[in-house]
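Dear colleague,

Please read them with the model open beside you.

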Amino acid sequence: MTRTKQDTIQILKKYSALVMLLVFIVLNSLFTPNFFQLGNLNNVITQICPTILCGMGMTLVISTGGIDISVGSVMALAGVMTAKYMSQIGIFPAIVLGVLASVALGCVVGFFVGVLRLQAMVITLGMMLGVRGIAQVLCNGRDIYFNTLGDAGAKLAAFGIYKIGGVIPVQIIPIVVAVAAVWILAEKMVLGRQIQAVGDNIRSSMLSGIHTAGVMMFVYGFSAFCAAFAGIFQSARVCVAAGSSLGQLAELDAIAAVVIGGTPMSGGKARVLGTVIGALIMQMITLTCVMNNIPDPYAQVFKALIIVFAVYIQREQAK
Amino acid sequence: MAEVLLEIKGLEKTFPGVRALKGVQLTVNKGEVHALMGENGAGKSTLIKVLTGIYQKNGGTIRFDGKEIDCKTPIEANEVGISTIYQELNLVLFQTVYENLFLGREPRTGFGAVDRKAMIEQTDKILKDFGIHIDVTKPLKAYSTAIQQMVAIARAVSINAKLVIMDEPTSSLDKKEVQVLFGIIRKLKSRGIAVIFISHKLDEIYEICDRMTVFKDGEYVGEYDIKDIDQFRLISLMVGKDTVALERKKTGYDFADASPLVEVKNIKQGMRLHGINAVIKQGEVVGLAGLLGSGRTELAQVLFGVNMPDEGEVFWMGSSAGIHSPSDAIKKGMGFCTEDRKVEGIVPNLSVKENMTIALLPKLQKFGFVKKKEQDEIVDKYIERLKIKTPSPEQAIRNLSGGNQQKVLLARWMCMNPKLMILDEPTRGIDVGAKAEIEVLIQELSKSGISVLMISSEIAELERNCDRIIVMRDGKVIGEVIDQDIHQDKIMELIAQGSESEGMV
């Protein structure tokens, strides 16, 4: 079979994010001194963790045609709840509590979106404000520093600063687990097919016997689940749970990673590994700018260009 | 001889791959109510859209009020004096009645501000002329659909429309409101304004219209005075005589003693279904005949749990079915090939494989994982059995032709081993070859003991395939024909008689 021009464009579209990432790596290896140092790579892993975790949930949400802008606030809630209660009930019960509370809120969003058919953007905007408020109330408006929490605080801090074999940051574990789990879910499992079918044509899906409301509840609940762990790992890394600032703008990083990774905003397709690449590209831009002494505002402008470019290149070809 | 207002000749409109209007004509006189008749796909809407500048014509001439026109936008059409009242009203519901009436052409005061006082006064006067007495300062959404429609008409007339097009204006009105609307149409007539009226309710056509033009499959069939054509004749013009002469092959009715599979009793729903009783027996192919809007699709949707009936009950193999959603219906053993493939059938970006097995997946899993091997086997089997033309099972379904998409959707339900298949217009928009294949398939289903409920606007198609045909009109069952009695003329006669029997009840 000969390859037509359209096929070539399709292939380019499919791998555009990967190509972009490779270009960044090559450029950096040529122009940025010390780029391949171990410390540098470790930095990437620790910093990218919340974006990837939230991005995994977000990939599924966006593939149903929805959006979840409450993940940053959910991060704060889970982080603060865990920090606040762990000295009283122990570290693992506290984590379970924080995660369960987050998942419950996610399911509430799923109920509004799936059963009542309300706009995901509006519902999660409400959640974003409300949950941020709750997080701040829970910590009484003061940041909870782990070094004031004694033994429990030290244990939780290990979730952020421990290095496997003294080398690889602990964040690699949740990253790998989350990506593998969501990839298997999206590609191999019935639920994953149903999520993407709902995003592609909700009416056909309903008429094929898919419980569309149930799918929505799962997807938003799962997004909150991922965000909760992102919040706990993030607060552990900085050894402080701050209701006001933890996870701020994390939702935007996650959405950007998903979009750059090639998951269409209109839903119907989940590109799990694309999201990972998207997150890496974003991180790469920050890193490149920092290491070359380019001020951060420039990095932001550059990220904006990349996002627009990604959406442009992945748009449906004109008929 | 009445004065001609609109004269369309040899109008052509093609879409990629489809010739939607094949040189049609239409003549509308001043001050007459003219009906456009024809089933779905006849070209009525396309004609209206060309006339009002939504589509551009590919050929032919349109003369309006003595001048040749070629409107590029709806605004242009408005300016020459053609106004359309759409099914979905293009009004601003949150604004007041008077604001809506003057939308886009608000009178100004000397200071350039909007002159509300003048607007209110004029609106009041315009509506009173029509016999509508409402508070014009209230938001439009405070009033019923009927009133909103009146306002839309009043708006059209107040911008000096000479021709008002009403596309299914009565579909959401009750009987009393329809009469109010007809009163207004008569007022328009008396002012010399012409009305193009589209409705699927024949009784309404006969009540309000003076003349009609009939279309079929994008072609002009003829122009008639209402008083010269009876309902039977009209129905046969709209749905009769398939161009492909295929004879009914079936003989003998074997289902007199078969046990009923599904039974509906006194199903009522909104304004669409008014007490339906029907039975489908095991292995039987039952046709639902009737014009558009007769409630055929609505009945199928109730059976499949898409909509809940307001009253009445569905029985499945003798006991109450208790179906509340499509997934309940699927569990019972139903499959539903919907009328609108694009919106209610395919999941466009998923592959042929996934589209085919989407309903089966919950049964095709182990610990939540898709059983790939079995999935592939099933998909290969049906691609071969139904002769689905696709480069590979992984191809996105939207890249297939209509006929092949339909086959995939049929396979979606066949692989579930259903007991009842509901097929709503299974051959619409697909080529003759695929059509014949699907008809053969329907017979195979029936032979293997699967009941089929077939809905079709082509009576000839029902004649060829069904063991029994239930005839519907205006949400009621008005007759039933079995075996030897199944004949196009007989069915059309029943549909035509529907209105008289309604008068007797």
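**A buried helix and its aromatic neighbours**

In helix α14 of chain B, the residues Gly403(B), Asn404(B), Gln405(B), Gln406(B), Lys407(B), Val408(B), Leu409(B), Leu410(B), Ala411(B), Arg412(B), Trp413(B) and Met414(B) are buried. Please keep in mind that this is a predicted model. The helix covers residues 402–414 and reaches 18 Å from its first C-alpha to its last, which is close to the 18 Å expected at 1.5 Å a residue. Because twelve of its 13 residues are buried, α14(B) is largely enclosed by the rest of the structure.

Turning to the rings, the structure holds ten aromatic pairs over all chains. One of them joins Phe111(A) and Phe112(A), whose ring centres are 6.1 Å apart and whose planes stand at 75°, so the pair counts as edge-to-face. Phe111(A) is partly exposed at 36% relative accessible area, and Phe112(A) is likewise partly exposed, at 29%.

Another edge-to-face pair is formed by Phe304(B) and Trp413(B), with 5.9 Å from centre to centre and 80° between the planes. This pair links distant parts of the chain, since Phe304(B) lies in the loop between α9 and β14 of chain B whereas Trp413(B) belongs to helix α14, 109 residues apart. Both Phe304(B) and Trp413(B) are buried.

In chain A, Phe218(A), Phe222(A), Phe225(A) and Phe229(A) form one aromatic cluster. In chain B, Arg191(B) lies over the face of Phe130(B), at 4.9 Å from the ring centre, while Lys265(B) lies over the face of Phe315(B), at 4.7 Å from the ring centre.

With best wishes

How values were computed. Residues are numbered from 1 along each chain as its sequence is written. Chains are lettered from A and ligands numbered from 1 in the order in which they are written. This is a predicted model: local features need pLDDT of at least 70, side-chain atom pairs count only at pLDDT 80 or more; totals for chains, interfaces and linings use all residues. Side-chain values use heavy atoms; hydrogens and water are left out. Helices (H or I, at least four residues) and strands (E, at least two) are DSSP runs, numbered from the N terminus. The expected span of a helix is 1.5 Å times one less than its number of residues. Buried means under 20% relative accessible area, exposed over 50%, partly exposed in between (1.4 Å probe, protein chains only). Rings of Phe, Tyr and Trp (its six-membered ring) pair if their centres lie within 6.5 Å; planes under 30 degrees apart count as stacked, over 60 as edge-to-face and the rest as tilted. A charge sits over a ring if NZ of Lys or CZ of Arg is within 6 Å of the ring centre and within 35 degrees of the ring normal.
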